[in-house]
Amino acid sequence: MDGERLPGTQTDDGARIVTHVDMDCFYAACERLREPALDGEPLVVGMGFEPGETIGAVATASYEAREYGVDSAMAISEALERLPRKIDVVDDPDRDVDEAGFYRPVDMSYYESVSSEVKAILQERADVVREVSIDEAYLDVSDEIRWEEAEEWAEQLKSDIEDAVGVAASVGVAPTMSAAKVASDHDKPDGLVVVEPGEVRDFFADLPVDEVHGVGPVTAAELSSLGIETAGDLADADPDTLADRFGERGMEIYRYARGEDEREVTPRGLPKSLSRESAFASATSDEDAKRDRVRSLADSVADRATSKDALYQTIGIKVVTPPYDVHTRAHSLPGPVDEPSLVEEVALDLLEEFEGDRVRKVGVRVSKLSFSGGDQSSLDGFESAAGSAESADSTSSFERERSSHETSPTNATTDDGPVSEGQASLDGFEAMADGADRSDDDSPTDSTGDGADDEAAESGRSSEGQSTLGEF
Ligand code: DCP
Ligand code: MG
């Protein structure tokens with residue numbers, strides 16, 4: 001060992017490593033996914049903008065449209081004043097088509113299909129995931145990474161989402177949920193902000209007070225009347241005054257501004273896999289060091305599986321070689337087990353292929369999980385079991401292959417173009433039938449090919465037959 005702490009043993013004063021993921025202008029990003037000609041254009045998604053309609057609101061606006069003052073929840077009539085529809089101004093010589101934008105109606109089922117692709121990645125990358133809205137989730141990755149790795153890990157998560165799904169996320173990493181949320185919002189769009197333990201007060205100090213989680217415009221105005229303009233002011237304010245004025249909520253925002261937030265990320269949904277990975281201080285070809293690390297990770301993963309009452313059927317490793325080539329290997333057992341020694345044995349076997357290679361990082365993962373709590377298989381006869389070996393090399397995250405998209409055509413009757421050369425490609429497309437067209441074709445795939453069973457585990461169904469391994 002090189003003195004590094006293993007994942008799961010790091011605490012940095014016991015601070016959790018909480019990640020908040022929030023997609024950028026999510027509905028607009030989804031629209032761009034199936035209509036790439038909208039990239040870079042001012043785009044408003046909402047209701048009530050068609051001729052004859054007057055009532056409706058903006059669901060979201062692309063960042064280009066926000067520059068015109070259009071934003072979520074604004075009345076559509078107001079949005080149209082600030083940013084007219086291209087289609088309405090294109091034939092009007094008195095109006096500037098460059099100062100106009102595109103409008104699209106809300107299509108929830110499509111956004112939900114994109115959202116579930118993103119959530120599948122989050123569920124795979126962290127054990128503890130709490131999905132809080134269609135485009136937002138908290139992840140607790142304290143047991144999976146160390147603070148020193150947080151930035152690289154979050155960068156990888158962002159690029160995995162971008163590559164596999166095609167939408168951009170902003171990510172914040174901090175010791176508490178409230179600070180992580182502020183961090184993810186801080187540098188939008190395409191933001192990545194890591195606030196380490198001990199830095200939270202400094203990070204908050206100069207932020208406008210309305211950036212504190214739980215402080216809306218009305219509260220911000222009231223706080224301003226008390227001379228509290230920044231989160232730092234709020235952190236230094238007299239708690240009794242805040243309690244008198246705002247009650248329990250006053251104490252809550254006071255604590256958040258001070259970086260105090262006891263809430264734990266409680267999971268929603270079952271994990272699809274459990275994994276641990278650990279980086280070496282520098283790439284190593286020391287076989288003992290590699291094997292020791294894999295052994296520790298295997299123990300740690302097996303422990304977690306046991307503590308979650310999870311049985312696993314696939315055991316895999318990840319090996320990252322310089323510069324950042326990710327290799328995954330996995331072995332499927334004939335039936336689901338909870339057998340820590342087997343995790344270690346299989347992981348070490350799989351590692352042998354990398355003998356002599358310089359290795360930057362290793363990981364161990366169990367997948368094809370089942371949570372039915374049924375009788376655990378006996379391992380008798382495992383040696384003769386007909387397990388299958390699988391492998392994959394990828395340049396992306398553990399057990400994931402990057403998938404490309406097929407974008408679907410859009411509806412020429414509802415779009416606003418074409419109005420200029422740049423928008424010519426908006427013309428002539430056919431109607432898109434909801435999210436159904438995207439379905440599973442370009443959903444993230446597991447390179448071990450056991451995604452279907454992962455789905456089953458996630459939805460609470462058990463994998464088929466927890467067979468007694470003695471039978472094999
Ligand atoms: N939404 C809505 N009405 C609102 C706010 C949001 O219909 N008043 C929908 C549209 C958003 C989605 O929820 O795309 C996610 O909400 P966010 O607050 O995360 O906003 P965006 O993702 O659009 O933008 P941001 O980049 O600021 O996160
Ligand atoms: Mg968002």
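## Overall fold

Among contacts in the protein chain (heavy atoms within 4.5 Å) between residues at least 6 apart in sequence, 70% join residues at least 24 apart. The chain has 472 residues, and 52% of them count as buried (under 20% relative accessible area; exposed is over 50%, partly exposed in between; 1.4 Å probe, protein chains only). Its secondary structure comes to 15 helices and 15 strands. These are DSSP runs numbered from the N terminus: helices are H or I with at least four residues, strands are E with at least two.

This is a predicted model, in which local features need pLDDT of at least 70, side-chain atom pairs count only at pLDDT 80 or more, and totals for chains, interfaces and linings use all residues. Residues are numbered from 1 along each chain as its sequence is written, chains are lettered from A and ligands numbered from 1 in the order in which they are written, and side-chain values use heavy atoms, leaving out hydrogens and water.

## A three-stranded sheet

Strands of a sheet pair through backbone hydrogen bonds, either parallel or antiparallel. Here, three strands form an open sheet in the order S3-S2-S4, with mixed pairing. Pairing requires that DSSP finds at least two bridges between two strands. Strand S3 (58–61) and strand S4 (102–105) are the edges, each pairing on one side only. From one strand to the next, the twist averages 25°.

Strand S2 (residues 43–46) and S3 run antiparallel, joined by three bridges. Val44 has Ala61 in S3 as its bridge partner. Helix H1 (residues 26–34) packs on the sheet and touches S2, S3 and S4. The direction of H1 makes about 110° with that of S2. Axes are lines fitted to C-alpha atoms, for helices over the stretch in contact; angles run from 0 to 180 degrees between N-to-C directions.

## H1 against H5

Two packed helices are described by the angle between their axes and the distance between the axes. H1 packs with helix H5 (residues 108–125) at an angle of about 90°, the axes lying 10 Å apart. H1 and H5 are therefore roughly perpendicular to each other (65 to 115 degrees; under 35 is roughly parallel, over 145 roughly antiparallel, the rest oblique).

On the H1 side, the contact involves Phe26, Tyr27, Cys30, Glu31, Leu33 and Arg34. They meet Met108, Tyr110, Tyr111, Val114 and Ser115 in H5. The residues of this contact divide into eight nonpolar, one polar and two charged. Nonpolar covers Ala, Val, Leu, Ile, Met, Phe, Trp, Tyr, Cys and Pro; charged covers Asp, Glu, Lys and Arg; the others, Gly among them, are polar.

## Salt bridges

Side chains of opposite charge can pair when their charged atoms come close. The count comes to 31 salt bridges (a side-chain nitrogen of Lys or Arg within 4 Å of a carboxyl oxygen of Asp or Glu). Glu50 pairs with Arg85, with the closest N and O atoms 3.4 Å apart. This pair links distant parts of the chain, 35 residues apart. Glu50 lies in the loop between S2 and S3, and Arg85 in the loop between helix H3 (76–82) and helix H4 (86–89). Glu50 is partly exposed at 25% relative accessible area, whereas Arg85 is buried at 3%.

Glu152 forms a salt bridge with Arg360, the closest N and O atoms being 3.3 Å apart. Glu152 sits in helix H6 (residues 150–164) and Arg360 in strand S12 (residues 359–367), 208 residues apart. Glu152 is partly exposed at 35%; Arg360 is partly exposed at 25%. In the bridge between Asp261 and Arg263, the closest N and O atoms are 2.9 Å apart. Asp261 is buried at 9%, while Arg263 is partly exposed at 35%. Elsewhere, salt bridges that share partners join Asp22, Asp24 and Lys188 into one network.
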